[in-house]
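Have the viewer open as you read.

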Amino acid sequence: MAGGSWAAAVVQRDARGVEVRLEQPARRIVTLTPHLTELVAAAGAGSHLVGVARFSNHPQEFSRLPVISDSGQIDLERILALKPDLVLAWRSGTPRNAVNRLERLGLTLFVSEAVRLDDIPRSLEAIAALAGTLPAGEKAVRVFRDELRAHRLRSYGGPPVRVFYEIWPRPLMTVNRGHIISEVIHLCGGINIFNGLDMLTPEISYEALLAVHPEVVLGGGSADNAEGFAARWAAQVPPLNAVQAFHIPPDLIQRPTPRLMEGARRVCAHLDAVRAARR
């Protein structure tokens with residue numbers, strides 16, 4: 001098994017502040033969101049997965065595992081039939097009543113959360129500890145932290161690039177400063193023009209977008225590709241004059257996993273191009 005195995009009992013504190021104890025490392029793991037599936041794989045414990053959320057498509061082989069949740073809907077009977085010794089839930093996305101019910105049924109849950117980039121390696125460490133794959137998990141943590149540190153050491157000349165991030169096209173939705181996507185934009189020398197809104201993922205009007213004059217539009221749904229995303233924004237009436245639109249695959253920037261660094265590389269490259277065009 002990747003990363004080796006550990007026989008001792010494991011205790012980890014989850015995002016609720018609950019101490020989760022396993023008498024031995026987990027061997028049958030269920031994940032309730034796609035990004036948790038990715039984190040398990042990155043922590044070297046992919047072979048322990050027995051059930052996953054719908055759209056668990058990275059690595060691709062996990063899409064063949066039994067699907068036990070979909071958009072917050074949890075298949076309790078199927079989870080119980082899989083006999084997991086650990087269920088991974090998401091504080092922001094898994095309904096609290098579902099977490100409570102699973103625990104009342106005697107299952108062990110670890111509730112994860114990643115609202116900032118630095119939370120991702122902490123999640124990896126916790127999952128690797130619970131699965132007994134610490135060497136593999138620690139390697140993934142080092143790789144992530146090294147790349148994040150390199151991004152933070154970069155310097156950018158001139159004013160920040162004014163960025164609009166589209167999280168959903170209809171209705172038009174974006175993110176505020178509290179979202180991890182805004183942190184990626186800042187990491188790349190940009191500023192989210194809707195930083196100051198109250199909601200994490202607010203709906204906005206096209207008129208409101210026109211009024212704040214973005215230099216670049218990033219984002220796009222899973223059905224988009226680079227050409228289609230740019231063409232859709234170019235066809236807006238009235239147009240966003242001199243604004244460039246760049247598609248970022250949502251899985252690379254909307255999932256708090258190590259692949260977020262790949263998303264960051266793409267965002268940084270696009271913003272570098274905008275800065276170069278200024279000169």
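## Across the sheet

Keep in mind that this is a predicted model. A handy place to start is Leu 218, which sits opposite Phe 246 in strand E12. The strands involved there are E11, residues 216-219, and E12, and they pair in the parallel sense through four bridges.

Zoom out and you get an open sheet of four strands, ordered E10-E9-E11-E12, with parallel pairing. Strands E10 (190-192) and E12 (244-247) take the edges; each has a single partner strand, so one side of each has no neighbour in the sheet. Going from one strand to the next, the twist averages 35 degrees.

## Helices on the sheet

Helix H8, residues 226-234, lies across E9 (161-166), E11 and E12, and runs at about 150 degrees to E12. Helix H9, residues 260-278, also packs on the sheet, touching E9, E10, E11 and E12. The direction of H9 makes about 140 degrees with that of E9.

## H6 against H9

Two packed helices are described by the angle between their axes and the distance between the axes. For helix H6 (residues 180-187) and H9, the axes come within 9 Å and cross at roughly 50 degrees.

Which residues in H6 and H9 meet? From H6 there are Ile 180, Val 184, Ile 185 and Leu 187, and from H9 there are Leu 260, Met 261, Ala 264, Val 267 and Leu 271. Sorted by class, that contact has nine nonpolar residues, no polar ones and no charged ones.

Now for the cis peptides. One joins His 58 and Pro 59, with omega about -10 degrees, and Pro 59 lies in the loop between strand E4 (49-53) and strand E5 (67-70). Another runs from Val 237 to Pro 238, with omega near -5 degrees; Pro 238 is in the loop between H8 and E12.

That H8-E12 loop also holds Ala 242, which has a positive phi of about 60 degrees despite not being a glycine. Its relative accessibility is 80%, so Ala 242 counts as exposed. Lys 83, likewise a residue other than glycine, has a positive phi near 55 degrees and is found in the loop between helix H2 (76-82) and strand E7 (86-90). Buried or exposed: what is Lys 83? At 62% relative accessibility, Lys 83 counts as exposed.

Notes. Residues are numbered from 1 along each chain as its sequence is written. This is a predicted model: local features need pLDDT of at least 70, side-chain atom pairs count only at pLDDT 80 or more; totals for chains, interfaces and linings use all residues. Side-chain values use heavy atoms; hydrogens and water are left out. Two strands pair if DSSP finds at least two bridges between them. Helices (H or I, at least four residues) and strands (E, at least two) are DSSP runs, numbered from the N terminus. Axes are lines fitted to C-alpha atoms, for helices over the stretch in contact, and angles run from 0 to 180 degrees between N-to-C directions. Contact means heavy atoms within 4.5 Å. Ala, Val, Leu, Ile, Met, Phe, Trp, Tyr, Cys and Pro count as nonpolar, Asp, Glu, Lys and Arg as charged, and the others, Gly among them, as polar. Buried means under 20% relative accessible area, exposed over 50%, partly exposed in between (1.4 Å probe, protein chains only).
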